[in-house]
Amino acid sequence: MFFVRTAMETDIPAVCALLDTSWHDTYDALLGAEKVNQMVAGWHSPKAVKDRLERKGGEFLVADNGTRIGGMAYAAPSKKRADVVNLHQLYIHPECQRQGIGRDLFAEIETCFPNAKKLALEVVIGNDAALAFYQAHGMSEAGRTENCGTCGSGIPAIIMEKDLPGV
């Protein structure tokens, strides 16, 4: 059984390994292994993960069963819209999927920002499993971008949003 808790610096190696595995499992067929390797090296390096862990106002969660990290989620307030929280990452190790870990991480993220009015995220076009997951959890399409994750990525994505109950 996995429980959700705040990530710690000692989790960084396990989180990096989880992101490497889950990204290749999810995106190799969509983006190609070489592009995924480049993205993992930059976006999911120990330094990048540590920077997210230390970001003020962000929430970095892991799903832990005492012997492994089975999933992770990271969200932070939008830099452009004060009432919006961006879910930047929610990844579950392929061996741990379909156990409710994603549901639990998502539910916890929804409660971490009581002053937020909306939760927003991007789903890479072609990642149908993620799209279905987010739709099942109340997210709906709010737009599209040609640069998922960062300016100039060249990765088309669906922007999804959900109203949050707030204060």
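Is Lys-50 buried, exposed or partly exposed? Lys-50 counts as partly exposed, at 29% relative accessibility. Buried means under 20% relative accessible area, exposed means over 50%, and partly exposed lies in between (1.4 Å probe, protein chains only).

1. Basis of the note. This is a predicted model, in which local features need pLDDT of at least 70, side-chain atom pairs count only at pLDDT 80 or more, and totals for chains, interfaces and linings use all residues. Residues are numbered from 1 along each chain as its sequence is written, and side-chain values use heavy atoms, with hydrogens and water left out.

2. Annotated span. UniProt lists residues 2-165 as "domain: N-acetyltransferase", in an unreviewed entry. Positions from UniProt are given in the numbering used here, with feature names shortened, and annotations may be inferred rather than shown by experiment. The span is 37% helix and 29% strand, and its end C-alpha atoms lie 26 Å apart. Helices (H or I, at least four residues) and strands (E, at least two) are DSSP runs, numbered from the N terminus.

3. Salt bridges in total. The whole structure holds 11 salt bridges. The term means a side-chain nitrogen of Lys or Arg within 4 Å of a carboxyl oxygen of Asp or Glu. Side chains of opposite charge can pair when their charged atoms come close.

4. A pair inside a helix. Lys-50 and Glu-54 form a salt bridge, at 3.8 Å from N to O. Both belong to helix α3 (residues 46-54), and because they are four residues apart, about one helical turn separates them. An α-helix has 3.6 residues a turn, so residues three or four places apart point the same way.

5. Arg-5 and Asp-11 are joined by a salt bridge whose closest N and O atoms are 2.8 Å apart. Arg-5 is buried at 17% relative accessibility, and Asp-11 is buried at 7%. A network of salt bridges links Arg-5, Asp-11 and Asp-64.

6. A pair across the chain. Arg-81 meets Glu-161 in a salt bridge of 2.8 Å, N to O. This pair links distant parts of the chain, 80 residues apart: Arg-81 is in the loop between β3 (69-77) and β4 (84-92), and Glu-161 is in strand β7 (residues 157-163). Arg-81 is partly exposed at 36% relative accessibility, whereas Glu-161 is buried at 14%.

7. One side of a helix. Helix α4 (residues 101-111) has Ile-101, Gly-102, Leu-105, Phe-106 and Ile-109 buried. These residues cover an arc of only 125 degrees around the axis, so they are on the same side of α4. The arc is that of the directions from the helix axis to the C-beta atoms.
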